Amino acid sequence: MRTGQNLPTRLLLAGVTAASLFLLACCAQGPQTHDLFVSGADGYHTYRIPSLILTKNDTLLAFCEGRKTGRGDTGDIDLLLKRSTDRGKTWSMQKIVRDDGPNTCGNPCPVIDRSTATIWLLTTWNLGGDREKSITSGTSKDTRRVFITRSTDDGRTWSEHVDITASTKRSHWRWYATGPGVGIQLARGKNKGRLVVPCDHSSPAYADPRGFSSHVIYSDDHGKTWTFSREIKPACNECQIVELSDAGLLLNMRNYHKPRRNVRALSTSTDGGVTFSPVTYDETLIEPVCQAAFIRCDVPRAAGKDWLLFSNPASKTKRIMMTVRLSRDAGKTWPVAKVLHEGPSAYSSLAVLPNSQIACLYEAGAEHPYEKIVFTKFPLEWLINEKSKSKE
């Protein structure tokens, strides 16, 4: 063999395929990270609540809340977006999707109708002067409301925001959140084509002091009308949902239930999200009581199999250790875990890109989790081949 040949050439001559070379290069490369929203920049005190989705036309949309005056969940909050047409290498300028003056516009939860390529964006709204405590206690001037907008040009422009609270929220529900994260469109079974968006709410009727419960809202007419499922309780709230190969749904929820606190709560549906099973708990998926991301890992090698991805701050005590996990058996076990950020971290959103790349948009920092929202992408092979367990 000639000594002047580079390593890829020598490997090819030795019988290593181009596909194998690609995987070797990906594994060596590891995660690629970019600070997408930095708190204090571009007119906002804090950026929070990331949501990442890949459109039918291979465009990445990264949504978040731009909080004008502080870190709080209410007040003057705008809904923001950045777009990438090259799978996260470069990003557009920051765009305001909704600004309602001093009021709160947030909790982005997009879902894509694959038959029409329409991107539906579900969000919540409240008066900026109504704080979470007053809303949950029933003493606020108004309440949390549910809005929807759509884009038919890959997220470049958005329609008017329409209030759909009447069909998606019971009158006695108080706090309400769409997602945060992403919704799904069902691809199997008799409910194929249904749009499903995970949500949560509070009510004074439940045993938990804040009355948290999860639910989903869904549409069978391509987003024209929406209705809600039965409630999932006790003491669950922010949630994400996946469809399994048998057309069943698996809901993964933030958990406030004190006897089983600090692990994720689960519930299943066999009727497309109309009703859900009693809540169970996953002892592997530890949490400090925080939002998490949860999606199908639809890559070629997982065709017909229930590979799932999950990310959250993997600690029982603090919002630290942003960790991505892989399950190859519909969430029964999680043998693969990789830490993306050991320091402070909180909310996240996952997406599967072409060429078996995984993307994670997450909150992170050095002193606290809300210093920035980071975009990271990495090859699935990097996650699978170099196992490491999260630390508590």
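Visitor: How much space lies in the second largest pocket?
Guide: In this predicted model, about 320 Å³ of space lies in the second largest pocket.

Visitor: What makes a residue part of the lining of a pocket?
Guide: A lining residue has an atom within 4 Å of a point of the pocket. The second largest pocket has 21 such residues, and the closest to its centre are Asp73, Glu132, Glu238, Arg254 and Tyr347. Two or more lining residues come from each of β2, β3 (60–67), α3 (132–137) and β15.

Visitor: How much space lies in the largest pocket, and which residues are the closest to its centre?
Guide: The largest pocket holds about 650 Å³ of space. Of its 25 lining residues, Arg114, Gly183, Ile184, Arg296 and Asp298 are the closest to the centre. By class, the lining has 16 nonpolar, three polar and six charged residues.

Visitor: Why is Ile358 called buried?
Guide: Its relative accessible area is 0%, and buried means under 20%, so Ile358 is called buried. Ile358 sits in strand β23 (residues 357–364).

Visitor: How do you know which residues are in contact with Ile358?
Guide: Contact means heavy atoms within 4.5 Å. Leaving aside neighbours within four places in sequence, the residues in contact with Ile358 include Cys297, Leu309, Val352 and Phe378.

Definitions and conventions
Residues are numbered from 1 along each chain as its sequence is written. This is a predicted model: local features need pLDDT of at least 70, side-chain atom pairs count only at pLDDT 80 or more; totals for chains, interfaces and linings use all residues. Side-chain values use heavy atoms; hydrogens and water are left out. Helices (H or I, at least four residues) and strands (E, at least two) are DSSP runs, numbered from the N terminus. Buried means under 20% relative accessible area, exposed over 50%, partly exposed in between (1.4 Å probe, protein chains only). On a 1 Å grid over the protein atoms alone, a cavity is a set of points where a 1.4 Å probe fits but cannot get out, and a pocket is an open set with protein on both sides within 12 Å along at least five of seven lines; lining residues have an atom within 4 Å of a point. Grid points are joined across faces, edges and corners, and a volume is the space filled by probe spheres set on the points. Ala, Val, Leu, Ile, Met, Phe, Trp, Tyr, Cys and Pro count as nonpolar, Asp, Glu, Lys and Arg as charged, and the others, Gly among them, as polar.
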